[in-house]
Structures are given as C-alpha cells and as structure tokens.
Amino acid sequence: MAKRVLLRSAVTAVVSLSLSLGPASWVALADAETFSETTIPATMRATPGYGSVVSVGPSGFLHSATTTSGPSGLEWTGVDGSTRKLEGTQPHDPVEYYGAASDVVALPPSGGTGEVLLRNMVTDETTTVTVPAGQVYSRAIGTTVVTQGGAGADGKWTEFHLLSNENGTTADRRVTGLPEGASIIINGRAGVHGFLSLLKVPGEDVGQYAWIDLHTAEATFLPYGTVYGNSVVTAVHLVTPQAGGVRIYEQGRFDTPVREIQVSLKDAKVLGVVGDSLIVARYDSSLGQKEYEASIWKVVAVPFDGSGERTLLARAVADRVAVRPDGGVQLVGGQSAEDYGYQDITAGADGVPYAARVLLIPPVPMRLQRLTLDHGTVRTLEYGDGATFAYDRLLTETAPGYGERVRIGSLSAPYNKCSVGNGLCPELYPTGDGRTVYRGAVSVDGGWQPKLFVVGKGETFPGTPIETGLQDSFDDSPDQMRIVGASENLVLVDGTPAGGSRELRVVDIDSGKVVHTEPYQRGAIWGTTLWSSAPGGKVTAKDARTGASLTSFTVSTGCSSMVDLQAVGRWLYWKCNFSTAPYAAGVYDLQSRKNIPLPSTAQAYLGDGVVAVRGGQGLGVYGLQTGMVVQRWATDAAGLVALDPRNGDLAYSTLDQAVHVLHTGRPEAALVSPFRNVTARVETDVTPVSWRGEWWLSEPAASWRVEIRHKATGRVVATRSGGPAEYSIATTWDGRDTTGGLLPNGSYTWTLTAQPADGQGAALVQSGTVRLTGGTAVWRDHVGGSALPDGVGDLLTMNSSGWLTFHQGDGAGKFSGSVSASGWSTSVRAVPFGDLNGDRCNDVLVRLSTGALRLYKPVCGAPLKSATSYTTLATSGWNQYDVLTSPGDLTKDGRPDLIARNASTGAVYLYKGTAGGTLAARVKLYDNWKTYKKVVGVGDLNGDGIGDLVAQDTANNLYRYVGKGNGTFAARVRIATGWGSTYNAVVGVADITGDGKGDLVMRDTAGNLYRQTGTGKGTFASRVKIATGWQGYKGLF
C-alpha cells in the first residue's frame, strides 16, 4: 500500500527519561495527531540474483543455484520444474566444462586426471570414464569426454583425446590430423558435433583454427576467412562475422557457407542460429557499462528474409550462452526484474524464434546506501546490478504519492560500487536549492584523492569537484576534510590546511572560493549565517561570508565542549559533552530565547519547528512550537533517516528497502523568493550573452511564467514558462523575439509570476529591467551608457570648431553624456540616417561642401570621425538640396530612406535605401514645397511603423505628413498654429522619453533647447525647456 494515514492515540502520556547527569529529564507528550505517510516500495534489481548457464539437454538444464549473493553450486532443473542440487560443483569455464547439448552431466576429477562421472540426469544412471595419466580433462560433449595430452617439455599440449565408456571400460580415440609439433593455444566453443580449437602450427606466423569432429575424431583445419576469433559455434553451425554481415557454415562442411546474412554487428555479438533467424545480442549502454557477465545486452532475432529485427529479450547476459540440442540457445535475461531468469530461445513450427523463461530468478531489491529528502525530492544511493547509482523521486500530491524513479548518475571510483561489502558510500548533504554536496574522489597519479563534489540542480552524479584548500586522504591520517553542513551556495567544511591548524571554512560553491575561515570549533550553517560554539556553552552567529559577529548567547554553562550543532531558521540544536553539562542536549529557540532539553544519547535531526530523535526506543518526531518537546509520532523500524528541515517531512527506510515519507505538515507560508540572481544585460552581437535569471523559492511552485516586454512600448516580446519548481526557478533569454528574430536595442522589463504549489496565498511576482545590445538599431540611437546604443534617441551637433557630437538621450526627455570627434569642416551637413549596411549600427549621411555625399558607418557607440569608414554615394550634385532629412523607413522594407528638397525649385524627392547599402534613384514626390521653411523627418508619429514628416510653413503653421508605406505621404494635417517662430533648429530625435513615441527637439535664437513629447497619435504635447546655452552649436542634426 503506497499511502496510508497514521493515527495517534488521543490519550496523553508523560514519558520521563533519566540521564546519567542526574535527575534532569526531557518530557515527551504524545498528543492526538493524524499524519499521512507515503511508502515508496523497493525497486527490484534488473538482474535479481546470480545466475549462470552451464548446459542444456532435451529434458532439462544445468545451471548455477539462483541465489542473491553469488554462486553456490550447480542445480539441474527438469522440464517438469523439479530441481536437484549437485554437491561440490561451481560454475566453470568453458561453458561446456560439465557437458553440452545433453541430459548427461560430467563431474570431472578435481585434478584433471582420474575418474569422470557421467550422470544421466533423467534416468540417474552413471558411467565412469577414466582420464589417464598424461592427459587432462577439458570438457564433455554428450557422453564424450574431451582431454588434452602430449605435453612437451615446454608444458604445451599437442594432442586431443576423445574418451568414452565402452562396455565398462574407457575407450580412447586420439584426434588425427594435427601436424607434428602443433600445440593447442585455446579451445573455442562446442556444438553438438564437435568444437573449435586454435592451434600454433610450426612455420605459421599466426594461429590456425581447426574443427575437432567428435564422430570421426579428425581435426580439419579451416581456411583463412572461414573462422576468426569472434566466430560463434552454435548447436550445428559455425557463424563467422564478415564485413557487413556473417557467413553460416554447417559443422563439418566448411567449403561453402549455407547462408550469408547482411547484418550490423557494431557493439553486438552473435549468439546462435535458431530457426529462420540469426540471434544477436546488441549492447545497450542504458543498461550499464560493459563488464563480464553483466546483463547489458538486448537480444534480437534477425530474420534471414531481410525483414526487421525483433526483440526477444530486453536485457540479458551474453557472455555465457549454452547450446540446446535442438539448435536453440539458453542464457540468463528477461524483459524486466519480475520476468528475469533462465531463458530458452527456440524456434516454433513456423521457424520463428521466441524466448521462454524456464526458471525464474527471484527479484531482489536494490540496497539503499544513502537517503536524503529535500523540497519534496527523495534522493537515494542504491547498490545493485554490480554498481551504485543515484536516484531521484519527486513526491506528489496525487496517488501513489511519488513520481517516476529517475537515475541521476553514479559516483566515481572508488565509490562506484559503494555498499556494505564494497566500502560505505559517502554521506550526501542537500543544499536546499536543488544541489547536493558530498566527499567524493578524483584520480591522482593512479590513485584516488578525496574531494568536495557538487552535483548541481538538474545535473547528474558524480558532479563537479570544488577545491577547499584542506588536506585530505583515504588513509588513517587525522588530516581529513569533513563536510559539516550545506545551505544553498555555502558549504561549511572542517579540516587542516597544509602547514596549518584545524579550521572551519565556508566555501561558496557558486564561485568555488573560500569566503571565510576561522579556527575549528563545532559549527553549523543556515542561509548566510554561520553558527559556532565555544567552551562554556556559548554559541555565536556570524555572517558566513564576512565573519562579522551577529549575536551570541549561552545554551548551557556546564557545557565544556560541543559535539553537535544544527541550525534551521529560528531553531538551534546543540549537543554537549554530556559528562560535564547539566543538560546533554537541547533545542534553543531564538525567538523565545529558551532551551528545550533533549536526551544526549539520541541522534537528532532538526527541522523547522520539529525534531526527529532516534535512540534506543526507536525513531520519534517531536514538535517544538509550544516550547516543550511534544511527541507526535514514533516507530521502532527505521534504518536510514532523513529530515527535510524546510518542511518537516521525514523519510526513513525499512528492512525491505522501502522508503517511507511521513508528512508532518508545516504552517502555511507565502511563496517568496528570498534572493535571486538576475543579470542586467543581454547581447545578441557576434559574441552573444544571454540574459539569465534565477529565483530561489521558500517553498515549491506549481508553475511559473516570465514575460519580457519592450519597456518603451509595453509589447511582450518573449515568454518563458515552466511547470513545478521545487527549489528555484531559472530561465534564460537570448534577446530575440518568439520567432528568433532580432529585437531593437534598448530597455526591456521582465516579470516573474509563480503560483504556489500548495495553492495557498498569492502568487509570487517579481520584476526588473534588462538592457539589450547587439540587436537591431533603433532609429537615431547611436550611443548610450557604456558607449553602447541603449534604444533611446540621440542628437547630433556641430560646433564652430568642427566637432561632431552625439548627445545621449537619457530616456527621461533630456540629454546626458556625449561622444565627440573633431577634425570636421564646419560646412558639412550631417544626417543621422539609420542602419543602411545591416551591421546593426546606425549610419550617418554627410554632405561635403563640394556637393559629394558619403555614408559614414561608425561602429556602435563610437564617435563620428572624419576617418570613420564610409561609402561615397555621390561625388557632386548634392548642394542643390536645402533639406536633407530621414524620416526612417517609408517603404516598409526595413531600411531607412531619405527626403531631399531642391533649393531652387522646391521639388521634394525620395531616395530609398537599398539592400546594397546605397540610395536608389530619386523619385519626385512634390513639385514645390518652398512654402515650408522647415521640413523634418520625425520617425513614426502614429505607431504604424512607417516614417513621418512634419513641416513648418512661413506662417508658422505646423503640419504632419503621415507615411503611407509605399514611399509617399497622406494629405497633410495641421497640428499646430503660431508654432516656432523663434526656432532656428528643429530635429526629430526619435524617442528620448522612454515611452516608445517619437519626440521633437527645438532650439530658439536665445540658445534654449526645448522638447515636445510625441503622443503616439501624430501630435505633440506642450513644449518643455530641457537645456540652455545651446547657441554655440552651428548645427543640430
């Protein structure tokens, strides 16, 4: 049953525990409680118990005993399911050592020479074959015993003998066909009719394979290319891998293959030929590393007709395969832990192979080695299948109360098999923000060196080593590093640096730096607070990063030395040297400034307002909120124990390797983010830098969403969202919109909204700003803070000394900061134009006194210098124009355009920007605009994304010309009268107020500078003076 409710008696009992210190006691009051408990059943090992195939006959098979702890002799299991043990036997190589393809089992002599007992396991009849002196037992095939003989002075065997019982005596047939001086290198697998052997033949540089035939007692040497080291002997075939496939020969006929099959054997083994298919084992890395007799192979049937492979077994041991006399094979494997055992692969009447389990190997649970519980995630180290792995399970509100078990890696050697029999696993310390720290190991000079490891949130073991600067080793040296505690990014360790004394160190695992050290004393850490003890029961709180003292108090004057210290929120657990302290242990409440006594003989696990205590009476949970120790729950069956200090959940294991999680509950609290790490910039240039945000949570969130908005317009440009978050919420933004397109430079806002997982209280909402650079150029934005464009319009000026200056719009309607360059002729006319060459930096048109027109292309944030890279658009002829202005994009092609007015005729022309970074031939828009004394490009005034113009006539009326998107303008609309009679310069500077709407800047004859803020509706607000003393500038552009 996965989840049950535990009810506690309503009868109040008083429990008194006398300590060796005297009459002092702690009082545990058992009140009525109802807790829910989630039980996570043990996970069965994929390879439950040990199993090893030996031989298979028509009526049964020989195999190792199916135990959980390794081999314990051999057993014969008949087709009727009966099993009998063969005393004094153990699995042995080769597979055919005890026999092959027969109901006869050979029990060889211990020394290799002497009597071999051949027992028919069906009739129980026995015969004896004697291995004579000078020969040594090799294997048995049916009733034939194979021996090796003819050992020379060098100890090499040169003969094969086939022994059998003939009328009560041993018949010895020496195998013929072996060249004089040939010696046996190694024997291969055996089939029904014989076996392979690799021999060293005089005069040959490489070994040669020979087939030893049981019927003829002859050795037949096989041609090169017929057999290799990875060739496979099946019941009646020899399978030889070739390039791109295999060749299949009948045993005894090796001149021509009976079949050739195209099949990939990369990371694969041929197991046999069964029916109409080749049986192949393919390595599956998800099942584990390659190790001998590891169950890491998926077994498939490859049909001869070229049809698709068919999986027979999800996992199996492919290193030991026994042949069946009917042509099938037997091996150990299964579809799952519950289906694991000895599997026969045989062919049906239609020739199609199938797998059938003939003996179950009982499931065995993974052995729990370590257990932690943090923010609703149960993390375990579990040993099984020859390795130790880390696993996570997320606790859920819905049945069965927990989610899928997810493997999250393994520890490095020497902990990769850590368990009771292979050395204990290191303790795991959850940090509370989804990370885990532990004392692992790294390889150094062929050995292993202990190291502090960090497994990041969402990362897998073994994690990343972190340097502490402390000595450490796996020997018995006292100079060993010990982890004291962990809280989010801070880990408290103690140890001894080289040449120094023992000390406490606080390590910031984010930066990898040691942020604080102090002489050793018992310590604890919670958040950024470091707690340490001193003689006399004094406890001091310090800033863990700076060491600055925060507070101190005494928990017990009789405490000569502290042996344990734990901190959670307002609670501090302490445990003194009980021989000198009036109270052996207790919990100090920082809010009430009072001690709550506990027994020193118990081990305590501190939580927020709760403490779990394990002692001789078992494991109990006690509440602390009332200022007394109130018993709330108890059990006498607990192995590993873990308490989540943040929510009071308790996890413990039982002998059946199940994990039980007791939900004690906690007071409702608002979902908050106590701190966050959010960057302030995002760059999309050639070296992109993403915006990153992470918000740590006080409790789990059910879901979250981050919206990125363009600050000026309020438009949502990107969103990020996610489901449940246990420890923190983290996301990134690459500075692009939802389609992956570039966005304009400038300021953007982010807003995080997270819903509490328990449904209690308001959502968590936090917001901030981020600056985007390297995006598309915003019209008239050339410079900004840190000399980079900031999405705010700028004003270009020329003074009487030939300095061109970009004045940076501050986003508040004024100008702050500037970027200048000298060396210009005061006769030039500059036109801030926009990004024509596509480098994401705005360009400037400059008309020289000669009438030449150049396109200058300064890099983003740089001053406009006469030496800046430029393209000559025309060498002359541009002095005819008395108006040169850019309203932005008039044709909706994404490129800036130019408006020019002929001084003599008043004709107005459009010069469209081209994809090649030039201007197209002019197109006349109007015949005579001489009535206007100023024509100014002002960008997009009405929010349609198309550039617009304003024009002031000689009567000081101000008109708006709205761009239509096709290079022309709609009919004019008067937007002001009596406007600007004193203005000698009017510039459309784009948005300088940060509201996303184009603004006007005007200078009067007295040098006063004014702003009229665009409304976004094609009009402007009343003017506001923003500066004085600007009469010194020869030109405003």
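**Exercise 1.** Work out whether Cys 860 is buried, partly exposed or exposed, and what it pairs with.

*Solution.* Start with accessibility: Cys 860 comes out at 27%, so it counts as partly exposed (buried is under 20% relative accessible area, exposed over 50%, partly exposed in between, with a 1.4 Å probe and protein chains only). Keep in mind that this is a predicted model, where local features need pLDDT of at least 70, side-chain atom pairs count only at pLDDT 80 or more, and totals for chains, interfaces and linings use all residues. Residues are numbered from 1 along each chain as its sequence is written, and side-chain values use heavy atoms, with hydrogens and water left out.

Next, the partner: a disulfide (a pair of cysteine sulfur atoms within 2.5 Å) joins Cys 860 to Cys 841, S to S 1.9 Å. The link is left-handed, with -105° about the S-S bond. Cys 841, for its part, is buried at 8%.

**Exercise 2.** Find how many disulfides the whole structure has, and how the bonded cysteines pair up in sequence order.

*Solution.* The search of the whole structure turns up 3. Go through the other pairs:

- Cys 418 and Cys 425 have their sulfur atoms 2.0 Å apart; both are buried, and their link is right-handed at 90° about the S-S bond.
- Cys 559 bonds to Cys 576, S to S 1.7 Å, with a left-handed link at -105°.

Now number the bonded cysteines along the chain, and the pattern reads 1-2, 3-4, 5-6.

**Exercise 3.** Decide whether Cys 559 is buried or exposed.

*Solution.* Its relative accessibility is 2%, so Cys 559 counts as buried. Cys 576 is buried too, with a relative accessible area of 2%.
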